[in-house]
Amino acid sequence: MWTLPNLLSLFRLCAVPLLLALAWLGLSQPFFWLLVASLSSDALDGYLARTMNQPSQLGAHLDSWADLATWLALPLCGWWLRPAAFASELPWLAGGLVAYLTSVLVGWAKFRCLISYHTWGAKALALLAGAAVLLFFGDGPAWVLRALMPLVVLAALEEILITFLLTEPLSNVPTAWHAWRLRRQTVSKPTRSFGSHLPASEPAGS
């Protein structure tokens, strides 16, 4: 459990209540730098898991829980720290949040666990979203959040499709096409992860 990638995911989980507290108190500078550290750890954990050969099922789930907690906390932080700017983008943000939560709930309804597909689309979105929220909380334009929402919806729709295609909860499914191919190849042979050459799971910075 106590590998460096897992510790980075645990750091992100522990950072969430502190981010909320700093935002509530209006401490924008400490909040911003803690957010930089949190998002940087998200980018690093999957890379380190691969390069250090430390992928694990636990790591994939820790990464997913840290993602969920962080991205659910940030709207509140935005409301407290930049209320006027945040309110101007609220309808768009609400749509993106609904799409994201729908993908999570569909996965939970089918598999009774938090999905951790770490798709290519989700990884690309995580990088763009990280840059956008840092720009927003660094007093940049609010429209960057709106620009992300179509990508959030597309990533959520792909994860919903993957959930419908899979017969069991898997980690690290790159795309819906991979899920479809895996379903065809393993209908009668259970597996724990996409591709026989992969370990059970792999934390990813998404």
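This is a predicted model: local features need pLDDT of at least 70, side-chain atom pairs count only at pLDDT 80 or more; totals for chains, interfaces and linings use all residues.
**Helices, pairs and a pocket**

Let's start with Trp65, which counts as partly exposed at 39% relative accessibility. For the cut-offs, buried is under 20% relative accessible area, exposed is over 50%, and partly exposed is in between, with a 1.4 Å probe and protein chains only.

Residues are numbered from 1 along each chain as its sequence is written, and side-chain values use heavy atoms, with hydrogens and water left out.

OK, aromatics. Rings of Phe, Tyr and Trp (its six-membered ring) pair if their centres lie within 6.5 Å; planes under 30 degrees apart are stacked, over 60 edge-to-face, and the rest tilted. There are 6 aromatic pairs in the structure. In one of them, Phe32 and Trp33 have ring centres 5.2 Å apart and planes at 85°, so that pair is edge-to-face. Phe32 is buried at 17%, whereas Trp33 is exposed at 55%. Back to Trp65: its ring centre is 6.4 Å from that of Trp108, with planes at 75°, so this is an edge-to-face pair. Trp65 is in helix H3 and Trp108 in helix H5, so the pair ties together parts 43 residues apart in sequence. (Helices are DSSP runs of H or I, at least four residues, numbered from the N terminus.) Trp108 is partly exposed, at 38%. Phe31, Phe136 and Phe137 make up one aromatic cluster.

Next, charges. A salt bridge here means a side-chain nitrogen of Lys or Arg within 4 Å of a carboxyl oxygen of Asp or Glu, and the structure holds 4 of them. So who does Arg12 pair with? One partner of Arg12 is Asp63, the closest N and O atoms being 2.5 Å apart. Arg12 sits in helix H1 (residues 4–24) and Asp63 in H3, so this bridge ties together parts 51 residues apart in sequence. Arg12 is buried at 2%, and Asp63 is buried at 0%. Arg12 also bridges to Asp67, with the closest N and O atoms 2.7 Å apart. Arg12, Asp42, Asp63 and Asp67 are linked in a salt-bridge network.

Then there's Arg146 with Glu89, the closest N and O atoms 2.8 Å apart. Arg146 lies in helix H7 and Glu89 in the loop between helix H4 (83–88) and H5, so the pair ties together parts 57 residues apart in sequence. Arg146 is partly exposed at 33%, but Glu89 is buried at 3%.

Last stop, the largest pocket. A pocket is an open set of points on a 1 Å grid over the protein atoms alone, where a 1.4 Å probe fits, with protein on both sides within 12 Å along at least five of seven lines; lining residues have an atom within 4 Å of a point. Its lining has 36 residues, and Trp71, Tyr100, Leu125, Ala129 and Val152 lie nearest the centre. Which helix gives the most to that lining? That's H5, with 8 residues. H3 (57–81), H5 (90–111), H6 (120–137) and H7 (143–165) each supply at least two residues.
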